[in-house]
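This briefing sets out the computed features of one protein model. Please read it alongside the sequence and the structure.

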Amino acid sequence: MRGRIIEKIEYIPDELTELYFKAADVLILPYTHVFQSGVLFLGYSFGLPAIAADVGTLKEEIIEGKTGFVFKPQDSAHLATVIGEYFESELFRNLESGRAEIRAHANDRYSWDKVVEITAAVYSVLLRD
């Protein structure tokens, strides 16, 4: 891996977001506390797999081996192990087709059409009560 990782610990302007997400092989979310992450869904919209800490609802949003992997929060050794597992996985080996599947999953599960469907169902129940 040495020489293949570009580390950017800085603010990324909005106009470069797409470039970074499309160039990345994986999105790592080392949160220590979060309910949910818009960054995860943004990554999914670019077909980017994620490795996320098991906090908040992140574990529920990741399909192990299909859209990413989960690691123990605040456990850098486990994070390193999971990163290694990712780069040995079918998901990484088939990243181009995996990206298409992740985008399809995101569009199916998180699209505005899906949000409208869920919202309409909630209002329908409330109106009946």
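Predicted model: local features only at pLDDT ≥ 70, side-chain atom pairs only at ≥ 80, totals over all residues.

Residues are numbered from 1 along each chain as its sequence is written, and side-chain values use heavy atoms, with hydrogens and water left out.

**Overall architecture**
- The protein contains seven helices and three strands, taken as DSSP runs numbered from the N terminus (helices: H or I, at least four residues; strands: E, at least two).
- From the N terminus on, the order of elements is α-β-α-β-α-β-α-α-α-α.
- The C-alpha trace spans about 60 × 30 × 30 Å along its principal axes.
- Of the 129 residues, 34% are buried (buried: under 20% relative accessible area; exposed: over 50%; partly exposed: in between; 1.4 Å probe, protein chains only).

**Largest pocket**
- The largest pocket holds about 1300 Å³ of space; a pocket is an open set of points on a 1 Å grid over the protein atoms alone, where a 1.4 Å probe fits, with protein on both sides within 12 Å along at least five of seven lines.
- Its lining has 29 residues, of which Ile5, Ile6, Ala24, Val26 and Ile28 lie nearest the centre; lining residues have an atom within 4 Å of a point.
- Helix H1 (14-23), strand S1 (27-29), helix H2 (38-45) and helix H4 (76-88) each supply at least two lining residues, and H1 gives the largest share, five residues.
- By class, the lining comprises 22 nonpolar, two polar and five charged residues.

**Salt bridges**
- The structure holds three salt bridges, each defined by a side-chain nitrogen of Lys or Arg within 4 Å of a carboxyl oxygen of Asp or Glu.
- Glutamate 18 pairs with lysine 22, with the closest N and O atoms 2.5 Å apart; both lie in helix H1, four residues apart.
- Glutamate 18 is partly exposed at 40% relative accessibility, whereas lysine 22 is exposed at 51%.
- Aspartate 54 and lysine 59 meet at 4.0 Å, N to O.
- Arginine 93 bridges to glutamate 90 at 2.8 Å, both residues being in helix H5 (residues 90-93).

**Nonpolar surface patch**
- Ile118, Val122, Tyr123, Leu126 and Leu127 make a nonpolar patch of about 570 Å²; patch residues have over 30% relative accessible area and no salt bridge, with nonpolar side chains joined within 5 Å.
- Leucine 126 belongs to helix H7 (residues 112-128) and is exposed, at 53% relative accessible area.

Definitions and conventions:
Patch = residues over 30% accessible without salt bridge, like charges linked within 9 Å, V, L, I, M, F, W, Y side chains within 5 Å. Areas by Shrake-Rupley, 256 points an atom, 1.4 Å probe, with all protein chains shown as cover. Points joined across faces, edges and corners; volume = space filled by probe spheres on them. Nonpolar A, V, L, I, M, F, W, Y, C, P; charged D, E, K, R; others polar.
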